[in-house]
Protein chains: 2
Amino acid sequence: MTQTLDKTYTIGIDLGGTKIHVVACDQNGQVLARARRDTKQWKGREAVIDRMVSMVEDLLADNDLPRRDLLGVGIGAPGLVDPDSGILYSSVMLPGWYDVPLAATLGGRLRTDIVVDNDANAAAYGEWWIGAGRGANTLVCLTIGTGIGGGLIINGQLYRGPDGTASEFGHMSIEYDGIECICGSRGCLGMLASGTAMARMAREAIESGRKTAMTSLVKGQIQHITGEIVAQAAEQGDPLAGEIVDQIARYLGIGIANLVNIFNPDKVVLSGGVAQIGDRLFNRVREEAEKRSFDVPFRRVQILPASLGLDAGAIGMAGILRMTLANV
Amino acid sequence: MTQTLDKTYTIGIDLGGTKIHVVACDQNGQVLARARRDTKQWKGREAVIDRMVSMVEDLLADNDLPRRDLLGVGIGAPGLVDPDSGILYSSVMLPGWYDVPLAATLGGRLRTDIVVDNDANAAAYGEWWIGAGRGANTLVCLTIGTGIGGGLIINGQLYRGPDGTASEFGHMSIEYDGIECICGSRGCLGMLASGTAMARMAREAIESGRKTAMTSLVKGQIQHITGEIVAQAAEQGDPLAGEIVDQIARYLGIGIANLVNIFNPDKVVLSGGVAQIGDRLFNRVREEAEKRSFDVPFRRVQILPASLGLDAGAIGMAGILRMTLANV
């Protein structure tokens, strides 16, 4: 291997509904610097864009990153994005953001190349580039949070579909007459196995009289139970929380079996808070997926937790930007 | 456009459990000659292979196809196939066929290049090459027969997955606690919306006392009801048969909505006998898929009946062979 003297770097921004996470990465995806601030979206769109601009400028200044080596900035946004035009069409997590020309606006302000993509695509690309998905030719990535986002690498390429709307694995129905989803379908994986679903299951059980340590974890305010609270309680041995983890693991296993039969992937990576639960979750997921998928593809697939944590989306965007520039 | 003087042709064989269908195709996929015979698989594997060899030799002789212009033979087999080695590992439709080196055996007998692929991949490729899927960059193809087979073109390439087991859309569960499938899962699309499912629904309704013209169509032998009989009765206005068509259209629409959310495809093509039912089926399929998929990808996707009929798999193999030789 030859050692190149490439000192260029790219910046990735993970624009979330509650946090903005920024990294600077070298050509190998190593993080040179990172920053994290609240989105404060109630201040309005312009304020959030100002905040992204100043976070990038501060990151360069605070870390002595030379401007001339910056190749560009990639922005991962939580919504429907057109990577070609760099427009964010709409976002459930950023209410009121419609048809926002992120690439044009930030490109003008930062005077550098900008690419925009969906945040779940970004996380998938990050995990594939230097995370748990490394080495996979075909990778399915599920990001489990409020809902379930998806990203897909096929034959070493990010697959977005012609409108950039592909890999919505959270909106695969696995129970066609099941619980109604905002997307218009029913029994979507994201309605059954997201953090939101875990919280709902906990509240319903408590309301029907189940005793659990979760009640005291939220000081009796059961509307404050989240997926993280359930995960935390399960780790501490709370029986109800454990049952909920087993139940969502089963749903995830069913959804993953479908995806194993559809893609014959090398790896399936689960990211997001829920994926941090560890062996209890993953063992059940694998058990259910094995029962329900064909033997040959199941023998190949590795079902793994993501390894980049909070950096995944931002690193992914730093990588997508680099790949985009290489392909221009 | 320049007119080439290419006179070469390729042969495609669709090896089915009951019929062997053979075509010779020119470089544009135009059928130069075709033949169809019973598989007679009860005579044993050797006899079936002999039959394929003689069908190819007869096709050349009977149609004055010059041996020197034959580029090779593609064989589509109903089972798990390794395209690299040309081995058919196993087949539900050809019981007892395990690890059959189709490429080596037929290559030796016919002294030409042989490629082997899965029959559903072949049908998808055929429809994409010169059928209803033409012009699609990303195509999802469902072949609805005894079960539901799948084939997938992504970015203009047949996608098989690393083990060649991808695109098993018939084994996507849409009702996780539903009817048990031989694959180990439950509520698979192929259990709910195949020809077999239609026949089962008809028999169950008749056994529970429903009157229908189907009973006389099979002379009271209700075990002889098939998906074709149901389709035929629906066309003749039989109410029960119509309800069954509506029901499987709903299931197909649900499964297709999942695939639209996953792939953002240009086209979804339905082939096989059931797809011949026409507007009543397709209107309901589209209606259900629209309800359950995202607006942007639904606006793009065309959901269409296959156009190559019985030739699809054989033409597809003639095309896959040509593509394979071009890529060597």
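**Helix packing in chain A**

In this predicted model, A:V230, A:A233 and A:A234 of α7(A) meet A:A241, A:G242, A:I244 and A:V245 of α8(A). By class, this contact of α7(A) with α8(A) comprises six nonpolar residues, one polar residue and no charged residue. Helix α7 of chain A spans residues 227-235 and packs against α8(A) at an angle of about 115°, the axes being 7 Å apart. The two helices α7(A) and α8(A) are therefore roughly perpendicular to each other. The crossing in which α7(A) passes α8(A) is left-handed.

Helix α8(A) also packs against α9(A): their axes come within 7 Å and cross at roughly 45°. This angle makes α8(A) oblique to α9(A). Here α8(A) passes α9(A) in a right-handed crossing. From α8(A), the residues involved include A:V245, A:A249, A:L252, A:I256 and A:V260, and from α9(A) they include A:R280, A:L281, A:R284, A:V285 and A:R292. The contact of α8(A) with α9(A) divides into ten nonpolar residues, one polar residue and seven charged residues. A:V245 is one of the α8(A) residues that meet α7(A), and A:V245 is also among those that meet α9(A).

A further helix pair in chain A consists of α1 (residues 45-62) and α2 (residues 102-110), which pack at an angle of about 40° with their axes 11 Å apart. That angle makes α1(A) oblique to α2(A). The crossing of α1(A) and α2(A) is right-handed. In this contact, A:I49, A:M52, A:V53 and A:V56 of α1(A) meet A:T105, A:L106, A:R109 and A:L110 of α2(A). Six nonpolar residues, one polar residue and one charged residue make up the contact of α1(A) with α2(A).

| Helix pair | Angle | Axis separation |
|---|---|---|
| α7(A) and α8(A) | about 115° | 7 Å apart |
| α8(A) and α9(A) | roughly 45° | within 7 Å |
| α1(A) and α2(A) | about 40° | 11 Å apart |

**Strands and sheets**

In chain A, five strands form an open sheet with mixed pairing, in the order β10-β9-β8-β11-β12. The edge strands of this sheet are β10 (157-158) and β12 (302-305) of chain A, each of which pairs on one side only. Within the sheet, strand β8 (residues 139-144) of chain A and strand β11 (residues 267-271) of chain A pair in the parallel sense over five bridges. A:T143 stands opposite A:S271 in β11(A).

Elsewhere in chain A, strands β2 (residues 19-26) and β3 (residues 31-38) pair in the antiparallel sense over seven bridges. The bridge partner of A:I20 in β3(A) is A:R37. The hairpin of β2(A) and β3(A) has four residues between the strands, and A:G29 in this hairpin takes a positive phi near 85°.

Chain B contains an open sheet of five strands with mixed pairing, in the order β3-β2-β1-β4-β8. Strands β3 (31-38) and β8 (113-118) of chain B stand at the edges with a single partner strand each, so one side of each is left without a neighbour in the sheet. Neighbouring strands of this sheet are turned by 15° against each other on average, direction ignored. Strand β1 (residues 9-15) of chain B pairs with strand β4 (residues 70-77) of chain B in the parallel sense over five bridges. In this pairing, B:I13 has B:I75 in β4(B) as its bridge partner.

Two helices of chain B pack on the sheet. Helix α1 (residues 45-62) of chain B touches β1, β2, β3 and β4 of chain B, and its direction makes about 35° with that of β2(B). Helix α2 (residues 102-110) of chain B touches β4 and β8 of chain B, and its direction makes about 150° with that of β8(B).

**Relation and contact of the chains**

The same surface serves both copies, as 100% of the contact residues of chain A recur in chain B.

In the interface, 36 residues of chain A are in contact with 36 residues of chain B. Helices α8 (239-263), α9 (279-292) and α10 (295-300) of chain A each supply at least two residues of the side that touches chain B. The largest share of that side, six residues, comes from α8(A). The residues of the side of chain A that touches chain B divide into 17 nonpolar, twelve polar and seven charged.

Key. Residues numbered from 1 in each chain as written. Chains lettered and ligands numbered in written order. Predicted model: local features only at pLDDT ≥ 70, side-chain atom pairs only at ≥ 80, totals over all residues. Contact = placed C-beta atoms within 7 Å. Nonpolar A, V, L, I, M, F, W, Y, C, P; charged D, E, K, R; others polar. Pairing = 2+ DSSP bridges. Axes fitted to C-alpha atoms, helices over the stretch in contact; angles between N-to-C directions. Parallel < 35°, antiparallel > 145°, perpendicular 65-115°, else oblique. Left-handed = near helix turned anticlockwise from the far one by under 90°.
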